[in-house]
Amino acid sequence: MSELLKGLDVNKVSWKSLKEEGIDLDYSVVIPKSIANDLFNELENSLEYFTGDLSKIKVFGKIYPLPRQQVAFGDPGITYTYSGITVPALPWTTPVLAIRDLIFKLKGILYNFVLINRYRNGADHIGEHRDNEPEIDPKYPIASVSLGQERPFIMKHKDSRKSGPNKKHIPPVTIYLEHSSVLLMNPPTNEVWYHSLPARKKLLGARINLTFRKMRGKV
């Protein structure tokens with residue numbers, strides 16, 4: 001499968017862009033469906049997700065099970081801390097490394113970390129947040145690769161989440177993340193906009209999402 005990804009002609013990829021009110025996105029369906037289907041199945045059969053404390057999250061001081069499955073890969077020594085948990089980067093696997101190398105061919109950025117979320121069905125979700133933790137280098141986009149069930153990705157401007165006179169009425173942005181698609185969240189998006197993948201219980205299929213990040217101080 002990694003060889004098929006290497007053979008993709010990235011010069012034929014057509015990107016859709018959105019730039020407004022601090023949001024800067026690029027989106028494209030990049031991987032041919034037949035290859036994406038095989039890649040999804042390969043990841044389903046090979047990935048082992050975190051268990052124990054790494055499968056939980058802290059919210060307002062309380063510990064809850066993650067409403068999704070999660071694992072991370074990256075260069076040696078990298079960790080990622082969010083919501084009270086510190087995630088270690090496991091050594092790269094062949095299929096995950098092939099996807100990272102595809103992003104490098106597309107955008108010329110060699111990412112050193114990826115967080116993988118598996119949504120078992122439409123009940124699994126992730127709440128509103130920004131990927132702006134201090135370990136992440138804000139000069140680089142976050143590249144989000146989606147495989148499997150299409151899900152709506154909801155983005156909200158930080159000022160629209162306020163209450164009182166400081167609240168701005170900026171409409172949310174919804175992007176339907178298709179199977180085999182790549183979304184680039186370019187700076188300053190993650191400083192200004194929150195994003196979420198809300199529950200959609202009528203959607204029964206599994207989805208694997210790989211979010212590639214460039215971590216600070218790492219080559």
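**Pockets, helix contact and strand pairing in the predicted model**

Helix α4, which spans residues 189–192, gives the most to the lining of the second largest pocket, contributing 3 residues. The structure described here is a predicted model, and this second largest pocket has a computed volume of about 150 Å³. Among the 17 residues that line the second largest pocket, those closest to its centre are Asp131, Pro138, Tyr140, Asn190 and Glu191. When the lining of the second largest pocket is divided by class, 8 residues are nonpolar, 4 are polar and 5 are charged.

The loop between β13 (181–185) and α4 contains Pro188, and the peptide bond that joins Pro187 to Pro188 is cis, with an omega near 5 degrees.

Two or more residues of the lining come from each of the strands β3 (56–59), β6 (79–82), β8 (113–119), β9 (126–129), β14 (193–197) and β15 (207–213). By class, the lining of the largest pocket divides into 14 nonpolar, 10 polar and 8 charged residues.

Two of the strands named for the largest pocket, β9 and β14, also belong to an open sheet of 4 strands, in which the order is β9-β14-β11-β12 and the pairing is antiparallel. The edges of this sheet are formed by β9 and β12 (173–177), each of which has a single partner strand, so that one side of each is left without a neighbour in the sheet. On average, and with direction ignored, neighbouring strands of this sheet are turned by 15 degrees against each other. The antiparallel pairing of β9 with β14 extends over 2 bridges, and His129 has His195 of β14 as its bridge partner.

The phi of Glu21 is near 45 degrees, which is a positive value in a residue other than glycine.

The packing of helices can be considered next. Two packed helices are described by the angle between their axes and by the distance between those axes. For helix α2 (residues 33–46) and helix α3 (residues 94–107), the axes come within 10 Å and cross at roughly 140 degrees. Angles over 145 degrees would count as roughly antiparallel, and α2 and α3 are therefore oblique to each other. On the side of α2, the contact is made by Leu39, Glu42, Leu43 and Ser46, whereas Pro95, Val96 and Ile99 make it on the side of α3. By class, the contact of α2 with α3 has 5 nonpolar residues, together with 1 polar and 1 charged residue.

Terms used: Residues are numbered from 1 along each chain as its sequence is written. This is a predicted model: local features need pLDDT of at least 70, side-chain atom pairs count only at pLDDT 80 or more; totals for chains, interfaces and linings use all residues. Side-chain values use heavy atoms; hydrogens and water are left out. Ala, Val, Leu, Ile, Met, Phe, Trp, Tyr, Cys and Pro count as nonpolar, Asp, Glu, Lys and Arg as charged, and the others, Gly among them, as polar. On a 1 Å grid over the protein atoms alone, a cavity is a set of points where a 1.4 Å probe fits but cannot get out, and a pocket is an open set with protein on both sides within 12 Å along at least five of seven lines; lining residues have an atom within 4 Å of a point. Grid points are joined across faces, edges and corners, and a volume is the space filled by probe spheres set on the points. Axes are lines fitted to C-alpha atoms, for helices over the stretch in contact, and angles run from 0 to 180 degrees between N-to-C directions. Angles under 35 degrees count as roughly parallel, over 145 as roughly antiparallel, 65 to 115 as roughly perpendicular and the rest as oblique. Contact means heavy atoms within 4.5 Å. Two strands pair if DSSP finds at least two bridges between them.
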